[in-house]
Amino acid sequence: MTIQTIPTRAFDGQKPGTSGLRKKVTVFQQPHYLENFVQAVFDTVPLAGATLVLGGDGRFHNRVAVDTIVRMAAANGVARVLVGQGGLLSTPAVSCVIRKHGADGGIILSASHNPGGPDGDFGIKYNIGNGGPAPEKITDAIYAVTQTITEYRIVESAEFDLDTLGRYSVGDMIVDVIDPVDDYAELMQQLFDFDAIRAWFAAGHTLRFDAMSAASGPYATRLLEGLLGATPGSVVNGVPLEDFGGHHPDPNPAHATELIDAMRGGSAPHGAPDFGAASDGDADRNMVVGRKHNVSPSDSLAVLAANATLIPGYANGLAGVARSMPTSCAVDVVAEELGIDCFETPTGWKFFGNLLDAGKVTLCGEESYGTGSDHVREKDGVWAVLCWLNLVAKTGQSIDELLEAHWARFGRHYYSRHDFEAIDTVAANALVDGLRAKLPTLVGSQLAGKRIALADDFAYDDPIDHSHSAKQGIRIVFDDGARIVYRLSGTGTDGATLRVYLEQPERDRLDLDAQEALAPLIAASRELADIKGLTGREAPTVVT
Ligand code: G6P
Ligand code: ZN
């Protein structure tokens with residue numbers, strides 16, 4: 001094994017965003033681009049002699065990247081790499097494998113819910129030994145190395161068969177090609193009441209799980225159809241494709257329209273299934289859909305928190321819960337009733353890691369279709385679906401009944417996110433700066449017919465490591481608990497994306513359409529930020 005030292009020059013813009021480094025495939029295809037970032041990881045984190053987990057969501061460029069990273073790991077003295085067969089590992093599965101095998105870290109190849117294929121996106125993310133995304137102090141250090149890098153180390157070739165399970169040697173390094181599903185499926189069986197869910201399917205109940213031709217397919221097929229007895233064919237689009245079949249693998253009402261049609265009875269040959277669900281490119285997001293309602297991610301977190309003790313893995317109750325700041329306060333109401341802590345963190349799953357490690361929270365979630373718990377350190381799409389299946393099977397209530405019962409008990413937080421995608425970056429920054437400048441004048445004034453009680457730029461002090469994260473989104477909070485939140489996305493690859501999050505709590509009016517219930521706030525949000533004037537956009541590109 002000859003280690004080659006290849007001279008390189010730094011690329012601009014290799015700064016990891018909300019969730020790793022994400023760029024167009026064509027950017028990653030530039031000679032040395034991936035290599036520079038990977039070497040920056042090896043230069044930042046001491047991984048000589050370490051065990052590393054490696055895999056991705058199977059999108060275009062995944063296999064090329066796996067080969068490069070294995071060769072660089074060997075050249076940088078890594079002792080062992082566990083890689084998913086075919087290069088496939090869902091994001092939560094990487095987290096699970098890191099934890100179960102005591103690995104020192106992992107590299108995930110994914111651009112999550114962004115489209116794939118040669119013209120789509122690619123991404124890379126480093127996870128630490130707890131199984132979760134590296135915190136900002138590590139990603140900042142990685143970025144600093146990418147700015148000054150002059151060389152990287154790689155071995156010429158790695159002789160191993162990525163498609164055949166087994167142990168291989170690449171020089172002094174061991175490569176174990178592992179089944180991508182085994183460890184994850186074992187963990188799920190420890191958490192959920194498989195007998196109850198099996199009985200629910202055996203009684204004739206039906207499910208449609210849309211894997212969106214992405215990474216969740218093999219996991220959902222093994223667990224739902226294989227171990228739990230859902231009718232074969234319940235998992236649709238279950239084979240991961242390099243371009244996700246040309247679709248946008250984001251489980252939300254805008255991109256999972258086939259599933260929503262099926263749940264409303266539209267395209268199903270024998271009426272709507274009892275249970276609908278979808279997951280994203282790397283299987284960490286989820287959407288749960290009833291025959292009548294799409295469960296909003298914020299509501300999903302609240303319902304799971306309120307009913308967690310029905311799930312064996314959480315039968316002893318919750319230590320606490322956490323949500324990202326833009327996520328609705330529905331879970332706060334549950335936490336108060338349960339008498340447990342509720343933490344509010346910036347957007348990005350990495351902010352939950354310390355709270356989970358310290359045992360302060362058991363469940364956490366984000367409005368961006370992410371829900372998870374302390375079982376791994378990533379959000380987990382298939383796990384969330386199993387949570388809901390467990391509740392449905394245990395209570396005999398449908399998704400819609402569980403949701404409506406929850407609203408009747410705790411009130412309803414009408415919620416929607418309006419995205420203005422691919423807007424000019426300069427205009428987007430001007431819009432946020434304009435809002436920041438207005439903040440001091442807003443408290444006490446009237447907007448949308450109510451009084452503004454709080455207006456700030458959200459900042460977070462991590463209670464565990466005391467790190468401070470500033471400028472995490474503009475919050476406008478009203479006397480009645482309604483909120484408008486503005487943020488620029490940290491995951492896009494095309495210009496800037498402005499996200500406007502809207503929330504209106506209601507105690508009694510539980511049956512409204514969300515966009516109607518939010519109409520006054522929507523209008524106020526456009527006016528306050530002068531969205532049309534500054535971006536030229538009359539309307540959002542995506543509403544979830
Ligand atoms: C990824 C992250 C999430 C985050 C989401 C939206 O899925 O893992 O933690 O909530 O992106 O981020 P964005 O910055 O685009 O709003
Ligand atoms: Zn994802």
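The legends below describe close-up views of a predicted model.

In this predicted model, local features need pLDDT of at least 70 and side-chain atom pairs count only at pLDDT 80 or more, while totals for chains, interfaces and linings use all residues. Residues are numbered from 1 along each chain as its sequence is written, chains are lettered from A and ligands numbered from 1 in the order in which they are written, and side-chain values use heavy atoms, with hydrogens and water left out.

**View 1. The domains of the protein chain.** The domain assignment divides the protein chain into domain 1 (3-179), domain 2 (184-410) and domain 3 (412-543), with bounds that come from an automatic or database domain assignment. Taken over C-alpha atoms, the centres of domain 1 and domain 2 are separated by 28 Å. To the contact between these two domains, domain 1 brings 33 residues and domain 2 brings 35 residues, where contact means heavy atoms within 4.5 Å.

**View 2. The interface of domain 1 and domain 2.** About 2500 Å² is buried between domain 1 and domain 2, and carbon and sulfur atoms give 56% of this area; buried area is the accessible area (1.4 Å probe) that two parts lose on being put together, summed over both. Across this interface there are 3 salt bridges, each defined as a side-chain nitrogen of Lys or Arg within 4 Å of a carboxyl oxygen of Asp or Glu. Glu378 forms a salt bridge with Lys125, in which the closest N and O atoms lie 2.9 Å apart.

**View 3. The side of domain 1 that touches domain 2.** The elements giving two or more residues to this side of domain 1 are α4 (91-100) and β6 (121-128), and α4 gives the most, with 7 residues. Helices (H or I, at least four residues) and strands (E, at least two) are DSSP runs, numbered from the N terminus.

**View 4. Ala65 in helix α3.** Ala65 has its place in helix α3 (residues 62-75), and because its relative accessibility is 0%, Ala65 counts as buried, a term that means under 20% relative accessible area, with exposed over 50% and partly exposed in between (1.4 Å probe, protein chains only). Leaving aside neighbours within four places in sequence, Ala65 is in contact with Leu34, Leu109 and Phe122.

**View 5. The buried residues of helix α6.** In helix α6 (residues 182-191), the buried residues are Asp183, Tyr184, Ala185, Leu187, Met188 and Leu191. These buried residues pack against α4, β9 (173-178), α7 (194-202), α8 (216-227) and α13 (381-395).
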